[in-house]
Amino acid sequence: MIMCSAIILCFTGCAKKNTIQYIRYEKLDNGTYCVKELTDAGKDVSEITIPSEYEGIKVTTIGRGAFQDSPNLKAVHIADSVTSILENAFLHCSGLETIELSESTIEVIGANAFEGTKWQSDILADKGVVIVGSIYVHGKQVSGEYTIPDNVKVVAAEAFKDNKNITKVIIPEGIKSLGVYSFSSCESLESVSIPESLEKIGYGAFSYCSNLSIIIPKTVKNVDNDAFLDIKEIEYQEG
């Protein structure tokens, strides 16, 4: 779990003096920095660059709700050093249409990280789903029987949550983890194919899927609390 501590101010450009303060940073327990929030001046700008370092130390995380409800923001450029974008990071940034990031380095994307942005809306209109690198971010519009693409390694938190139209999910070999509430309240979901590659099923992942019957392979070793709360039927393979 990523935890933040003391607030530190950073300047846009970070190496220049007399620049306007746009971003506040916080130190993480692992010694790197996360983006905490925009300053008052930052809330007025339309374009932000998140640098790879602050004071010679890597910036690795965009914190919870860091840019939430920033209607003036139109473009964000994220350094390759950033590996985690936490929940609600860009929630309701309605004018945000450009997000530049390295898909190969992002490892964690939290729930609703891009919800309510033009960037996500445009991707959904074009592709119907949002996948960033190997992370499946948004599948709430898919329906019927659905196969997750082979290149996916992680299903993010709440990725399919509240999808009332999906009936069957085929999870391919190669997927390692299902995030918290990733399929929660998918009331029409009846069947999920779980691969032996899966290692972790997050908290409440299939909770309240009232029509779901599921078989869990013996290879799945980490199942969090309430992962199968109020589903129809569950069977664990012996091993």
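1. Glu-199 and Lys-176 join their side chains in a salt bridge, 3.8 Å from N to O. The term covers a side-chain nitrogen of Lys or Arg within 4 Å of a carboxyl oxygen of Asp or Glu. This pair links distant parts of the chain, 23 residues apart. Glu-199 sits in the loop between strand S17 (191-193) and strand S18 (200-201). Lys-176 sits in the loop between strand S15 (166-170) and strand S16 (177-178). Strands are DSSP runs (E, at least two residues) and helices likewise (H or I, at least four), numbered from the N terminus.

2. This is a predicted model: local features need pLDDT of at least 70 and side-chain atom pairs pLDDT 80 or more, while totals for chains, interfaces and linings use all residues. Residues are numbered from 1 along each chain as its sequence is written, and side-chain values use heavy atoms, without hydrogens and water.

3. Buried means under 20%, exposed over 50%, partly exposed in between (1.4 Å probe, protein chains only).

4. The structure holds eight salt bridges. Among them, Glu-37 pairs with Arg-24, with the closest N and O atoms 3.5 Å apart. Glu-37 lies in strand S3 (residues 33-38) and Arg-24 in strand S2 (residues 23-28).

5. Another salt bridge joins Arg-64 and Glu-87 at 2.8 Å, N to O. Arg-64 is partly exposed at 41%; Glu-87 is partly exposed at 29%.

6. Overall, the chain has one helix and 21 strands. Buried residues make up 46% of its 239 residues.
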